Amino acid sequence: MARVLVTRTLPGDGLARLAAAGHEVDLWQEDAPMPRAELLARVATADGLLCMLTDAVDDELLSAAPRLKVVANCAVGTDNIDLDAADRHGVAVGNTPGVLTDATADLAFALLLAAARALPATAQAVRDGRWGSWSPTAFLGHDVTGATLGIVGGGRIGQAVARRAAGFDMTVLTNTSRGGTPLPELLERSDFVSLHVPLTDSTHHLIDAGALARMRPNAILVNTARGAVVDTAALIDALHAGTIGGAALDVTDPEPLPPDHALLAAPNLIVLPHVGSATTATRARMTDLSVDNVLAGLAGEPLPHAVTS
Ligand code: DGY
């Protein structure tokens, strides 16, 4: 019997398979990330760790976990995990690819549409009693149909966003790590720019002041990837200066964004609380893949969804 530390309660019945396989499950039941000290203390006797993107799995944690065989991140992104350190410690790492592609692409498109038509602000106008009459000049947004969408990142989610864009007769430009439309050209030509790259050293602040300056004055930036792909300070400046049309963000840097953060005072901005994969069915599938990874790792088998550095 192995001991598996699970750092949050998860939807679906996937976790039951850990106990059914004879493993002892140490489940953190509070609806908040495990405090670091608690995580370090409990991982010390764990053979498997099923963790969230809010848990930093670094050399300190891995050194505190001498029995650890496997880390299953309940996310496709693994920027919270030091993969080189895991490799050094002989710990297998897994993630949850594929199962959250459509939910995340749906949310990216929802953000794009909401920002194009300023839905949060116009809905708020109704609630505030600022809807005097139908008006030919009020609440005007931007066309999505026929517009140009720049997709940064050619992975599963970027491709799924491109499929949705085809239904809106959009011209799609894609920049990938292997080529496609060069990023400067994509930024200069796009009415909407949607980010779908993992957070790595090379994508950190990929969208900085220089990149924002290349965007069209009406262009809208959509980020459902990771907050730190965008330089937050530069984005605040661009929104206040009106050098871009708006931003619609599911992810921010920092995260969570404090309610008094300067970003929230910027105009033409939508911010969501990192809910790209937040559907009941998707999260249950993510749980299942995470459990598959834990069970394989504890059995000494290759992880079905392994991540390497
Ligand atoms: C991921 O999986 O990386 C998302 O950001 C959360 O589901």
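Biologist: In which sense do strand β6 and strand β7 pair, and over how many bridges?
Modeller: This is a predicted model, so local features need pLDDT of at least 70 and side-chain atom pairs count only at pLDDT 80 or more, whereas totals for chains, interfaces and linings use all residues. Residues are numbered from 1 along each chain as its sequence is written, and side-chain values use heavy atoms, with hydrogens and water left out. Strands are DSSP runs of E with at least two residues, and helices are runs of H or I with at least four, both numbered from the N terminus; two strands pair if DSSP finds at least two bridges between them. Here L149 stands opposite V172 in β7, and β6 (residues 148-152) and β7 (residues 171-176) pair in the parallel sense over 5 bridges.

Biologist: Which are the edge strands of the open sheet of 7 strands?
Modeller: The order of this open sheet is β8-β7-β6-β9-β10-β11-β12, and its pairing is mixed. A strand that pairs on one side only lies at the edge, and this holds for β8 (179-180) and β12.

Biologist: By how many degrees are neighbouring strands turned against each other, on average, in the sheet of 5 strands?
Modeller: The 5 strands form an open sheet in the order β2-β1-β3-β4-β5 with parallel pairing, and the strands that pair on one side only are β2 (24-27) and β5 (92-94).

Biologist: Which residues cover the two faces of β1, and are they buried or exposed?
Modeller: Buried means under 20% relative accessible area, exposed means over 50%, and partly exposed lies in between, with a 1.4 Å probe and protein chains only. On one side of β1 stand R3 and L5 and on the other V4 and V6, and all of them are buried.

Biologist: What is the bridge partner of L5 in β3?
Modeller: Strand β1 (residues 3-6) is joined to β2 by 4 bridges and runs parallel to it, with R3 opposite E24 and V6 opposite L27. Towards strand β3 (residues 48-51), β1 pairs in the parallel sense over 3 bridges, and there the partner of L5 is L49.

Biologist: What percentage of the accessible area of the ligand does the protein cover?
Modeller: An oxygen atom of the ligand is 2.7 Å from a polar backbone atom of V76, one is 2.9 Å from a polar backbone atom of G77, and one is 2.6 Å from an N or O atom in the side chain of S277. Of the 230 Å² of accessible area that the ligand has on its own, computed by the Shrake-Rupley method with a 1.4 Å probe, the protein covers 91%.

Biologist: What is the omega of the cis peptide bond from E255 to P256?
Modeller: P254 lies in the loop between β11 (246-249) and β12 (269-271), and the bond from D253 to P254 is cis, with omega near 10 degrees. P256 also has its place in the loop between β11 and β12, and the bond from E255 to P256 is cis, with omega near -5 degrees.

Biologist: Is N268 buried or exposed?
Modeller: N268 lies in the loop between β11 and β12, and its phi is near 55 degrees, a positive value in a residue other than glycine. Because its relative accessible area is 53%, N268 is exposed.

Biologist: How does A118 count at 32% relative accessibility?
Modeller: A118 is found in the loop between α5 (101-116) and α6 (119-127), where its phi is near 50 degrees, a positive value in a residue other than glycine. At its 32% relative accessibility, A118 counts as partly exposed.

Definitions and conventions: Polar contact = N/O pair within 3.5 Å; in protein donor to acceptor, adjacent residues only side chain to side chain.
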